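Here are my notes for you to read with the model open. Have a look at the helices and how they pass one another, then work through the points below.

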Amino acid sequence: MLYLLIVLIGGVLSYFAPWWIIAPVCFILCWWLARKPAHAFWVSAFAAVTLWLGYAVYLQVVTGSGLANNVAAIFTGSMPVLTDMPGIVIVMLVVTLVIAPVAGFSGLAGVQMKRLIHPPR
């Protein structure tokens, strides 16, 4: 349930708001629904990664542009080992490395804040 709500609400708000809107969504939903810190962290991280990777694949398929290759060129620079890797793979790796900690720690902060205010018995 938590996973689905993060994906749905985060997806709708990401359409209108900046990229970091997923962090408050994870914080609020984990405050409300999560019971354990580890569960809050991993569900938030996995839901945000799913949302962002799904959106990246959607943009790649629908637009068909070379945007992923151009963005990947920024990160690969002069590393010949990475120039053979498809651009979309590099973009997905960067997306995962950025959003997983942001969402995971936001969800963790939400459940820990709830525990701070209302300690478990």
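1. Start with α4 and α6: α4 passes α6 in a left-handed crossing (left-handed if the near helix is turned anticlockwise from the far one by less than a right angle, right-handed if clockwise). The contact is made by A68, N69, V71, A72, F75 and T76 of α4 with G87, I88, I90, V91 and V94 of α6, where contact means heavy atoms within 4.5 Å.

2. A word on what you're looking at: this is a predicted model, in which local features need pLDDT of at least 70 and side-chain atom pairs count only at pLDDT 80 or more, while totals for chains, interfaces and linings use all residues. Residues are numbered from 1 along each chain as its sequence is written, and side-chain values use heavy atoms, with hydrogens and water left out.

3. Now the angle for that pair. The axes of α4 (residues 67–76) and α6 come within 8 Å and cross at roughly 65°; axes are lines fitted to C-alpha atoms, for helices over the stretch in contact, and angles run from 0 to 180 degrees between N-to-C directions. α4 and α6 are therefore roughly perpendicular to each other (65 to 115 degrees; under 35 is roughly parallel, over 145 roughly antiparallel, and the rest oblique).

4. How do α3 and α6 cross? Their axes come within 7 Å at an angle of roughly 150°, so α3 is roughly antiparallel to α6. The crossing of α3 and α6 is right-handed.

5. I99 is buried, with a relative accessible area of 0% (buried means under 20%, exposed over 50%, partly exposed in between, using a 1.4 Å probe and protein chains only). Leaving aside neighbours within four places in sequence, I99 is in contact with I22, A48, V49 and W52.

6. What about the core? The largest nonpolar core has 24 residues, and L2, I6, I22, A34 and I99 have the most contacts inside it. Such a core is a set of buried Ala, Val, Leu, Ile, Met, Phe, Trp, Tyr and Cys residues joined through side-chain atoms within 4.5 Å. α1 (2–16), α2 (22–33), α3 (37–63) and α6 (87–117) each supply at least two of its residues, and the largest share, 8 residues, comes from α3. Leaving aside neighbours within four places in sequence, A34 is in contact with L2, L29, A40, V111 and K114.

7. Last, the cysteines. How many disulfides are there? A search of the whole structure finds 0, a disulfide being a pair of cysteine sulfur atoms within 2.5 Å. For C26, the nearest cysteine sulfur is that of C30, 6.0 Å away. C26 is buried at 0% relative accessible area, and C30 also counts as buried, at 0%.

Methods: Helices (H or I, at least four residues) and strands (E, at least two) are DSSP runs, numbered from the N terminus.
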